[in-house]
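Please read them with the structure open.

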Amino acid sequence: GKGRKMMKRIFTVSGIMNCGKTHTLNYLAQLLASAGTRIDGPNPMTHPLNTDTQYVFEVKGQRVGVGTSGDTDWVIDEHFKKFDAFGCDVVIVACRSRKGTASVDALERQAISRGVIVDYTTLMWNASLPRLIVVEQDVARRIASRI
């Protein structure tokens, strides 16, 4: 049979609960939808920014999976199960901010099993900041530019 395509890169947006991870990754999905083709998941242009979901895009010849949630270990594992099934080259998910939390441990286990180092971006913002939306969009743009 055909050899399984290996995931090449894993990005994560980490942070405490309600710091903007879901918004940031939904903004990222909007950028990826504009830059490529949506293969799976809702339309990011109409999907509510504060609602968690999974997307798969084809961008610059790469299959990219985006999971906007990641507060628990089982959610991380669900994302990887799905994105493996879609043959994703790049995966971007959320996770909690502290080492030793179940979501970070699950993410690191997934990465180690693939020989990939996770690329972390930590959101250090208070969700009530008026400038948070600018921060979220900026982080989304910076990740998109690296795919």
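1. Exposure of Glu78 and Lys81. Glu78 is partly exposed, at 38% relative accessibility. A salt bridge here is a side-chain nitrogen of Lys or Arg within 4 Å of a carboxyl oxygen of Asp or Glu. Both residues sit in helix H2, three residues apart, so about one helical turn separates them.

2. Basis of the values. The model is predicted: local features need pLDDT of at least 70, side-chain atom pairs count only at pLDDT 80 or more, and totals for chains, interfaces and linings use all residues. Residues are numbered from 1 along each chain as its sequence is written, and side-chain values use heavy atoms, with hydrogens and water left out.

3. Overall build. The chain holds four helices and six strands. Helices (H or I, at least four residues) and strands (E, at least two) are DSSP runs, numbered from the N terminus. Their order from the N terminus is β-α-β-β-β-α-β-α-β-α. The C-alpha trace spans about 55 × 35 × 25 Å along its principal axes.

4. Burial and contacts. Of the 147 residues, 45% count as buried. Contact means heavy atoms within 4.5 Å. Among contacts between residues at least 6 apart in sequence, 66% join residues at least 24 apart. The accessible surface comes to about 7,300 Å², and 54% of that belongs to carbon and sulfur atoms. Areas come from the Shrake-Rupley method with a 1.4 Å probe; for residues, only the protein chains shown count as cover.

5. The sheet. Six strands form an open sheet with mixed pairing, in the order E2-E3-E4-E5-E1-E6. E2 and E6 (118-122) are the edge strands; each has a single partner strand, so one side of each lacks a neighbour in the sheet. Neighbouring strands are turned by 25 degrees against each other on average, direction ignored. Two strands pair if DSSP finds at least two bridges between them.

6. Strand E5. Six of the six residues of E5 are buried. Val90, Ile92 and Ala94 point one way, while Val91, Val93 and Cys95 point the other way. E5 runs parallel to E1, joined by six bridges. Thr12 stands opposite Val93, and Val13 stands opposite Ala94. E5 also pairs with E4 in the parallel sense, over four bridges. There, Gly65 has Val91 as its bridge partner.

7. A salt bridge across the sequence. How many salt bridges does the whole structure contain? The search finds nine. In one of them, Asp89 meets Lys8 at 2.8 Å, N to O. Asp89 lies in the loop between H2 (73-85) and E5 (90-95), and Lys8 in the segment before E1 (9-14), so the pair ties together parts 81 residues apart in sequence. Asp89 is buried, with a relative accessible area of 4%.

8. A salt-bridge network. Lys21, Asp71 and Arg96 are linked in a network of salt bridges. Within it, Arg96 and Asp71 have their closest N and O atoms 2.9 Å apart. Arg96 is in the loop between E5 and helix H3 (102-114), and Asp71 is in the loop between E4 (62-67) and H2, 25 residues apart. Arg96 is partly exposed at 21%, and Asp71 is partly exposed at 34%.

9. Thr53. Leaving aside neighbours within four places in sequence, Thr53 is in contact with Asn26, Pro42, His47, Val66, Gly67 and Thr68.

Key
Buried means under 20% relative accessible area, exposed over 50%, partly exposed in between (1.4 Å probe, protein chains only). Axes are lines fitted to C-alpha atoms, for helices over the stretch in contact, and angles run from 0 to 180 degrees between N-to-C directions.
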